[in-house]
Amino acid sequence: MILADPENAVDIAAFLGRHAESAMFPLNNLATYGMAGGNDYAVSFWTARRAGQITDVLTITDAGMVLPFLPSGDFDAAAVVLKGRQIIGIIGPRDHVRGVEAASGLQAAPCTLNHDEPHFLLSLDRLAVPQGPGELVPLTDAPKDVICGWMRDYELNTLNTPANGVDAEVAQDYRRYVAQGSHMALMDGATPLSMTGFNAALPDIVQIGGVYTPPPLRAHGHARRAVGLHLAQARDRGGTRATLFSASDMAAGAYRAIGFELIGAWTLLLFDGPQHV
């Protein structure tokens, strides 16, 4: 695999864009943070080509997150790129992540999160927005202490973020969500019911992430209504598709209820501290 120059960004985006539901993180990071560095989410790309055409793209963020999209299955080539690097995790289609993990000798690396999850896709013309209480508002129109408490619980119990770093992570993410307008709250009057977000967004496709309902309010349809309303906004802006991966059977049921269909499996592999390949 060859390190890509910034002038290759258009070709890389075109290749990944043909498979956007499986490459939302690298596409979003490229569009938002670019290849120049200086931000943890900025990206570098390594590409493989056949007959001049891109066949595989390995993305590494400045923070050391690996985002593989390797349809050819040449995971050894990706491992060569990673050799000698410090990486903090691998996220992507299950077979690609597990292939890179094995080729890089990381199967025994300590992890805070090591999940294979169902991967879903929805054509927004099939979206069914559930009825129920509440309307979406920007995060700044919801009580900050409540939202940050929800985010803290999500980090601790869904992402298994170590407790000693969670408050700084929540503060940073809250500022980013507000600045980007990526997350919203479902409010019934003055009462917060649920939170929804896009963890990656392009003009034609969005990726749902950071959905949370507090335990006492679960099983009432609040999350599916929040997600449905958020996707309706994306559809009204011209979006045509939405994708997500699901951390629980309950969440998967909620997503199926608004029209999502299973398309594969996704893996979140987050290491317990940077790992040397």
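**Ground rules.** I number residues from 1 along each chain as its sequence is written, and my side-chain values use heavy atoms, with hydrogens and water left out. Because the model is predicted, local features need pLDDT of at least 70 and side-chain atom pairs count only at pLDDT 80 or more, while totals for chains, interfaces and linings use all residues.

**Buried charge.** I looked up Glu117 and found it in strand E6 (residues 111-123); strands are DSSP runs of E, at least two residues, and helices are runs of H or I, at least four, numbered from the N terminus. Glu117 is buried yet has no salt bridge, and Arg98, the nearest side chain of opposite charge, is 9.5 Å away. Buried means under 20% relative accessible area, exposed over 50%, and partly exposed in between, with a 1.4 Å probe and protein chains only. A salt bridge needs a side-chain nitrogen of Lys or Arg within 4 Å of a carboxyl oxygen of Asp or Glu. Lys and Arg count as positive, Asp and Glu as negative, and His and the chain ends are not counted.

**Positive phi.** Most residues other than glycine have a negative phi. Ala51 has a positive one, near 55 degrees, and sits in the loop between strand E2 (43-50) and strand E3 (53-61). Is Ala51 buried or exposed? Ala51 counts as exposed, because its relative accessibility is 79%. Asn160 also has a positive phi, about 55 degrees, in the loop between helix H5 (144-157) and helix H6 (163-180). At 33% relative accessibility, Asn160 counts as partly exposed.
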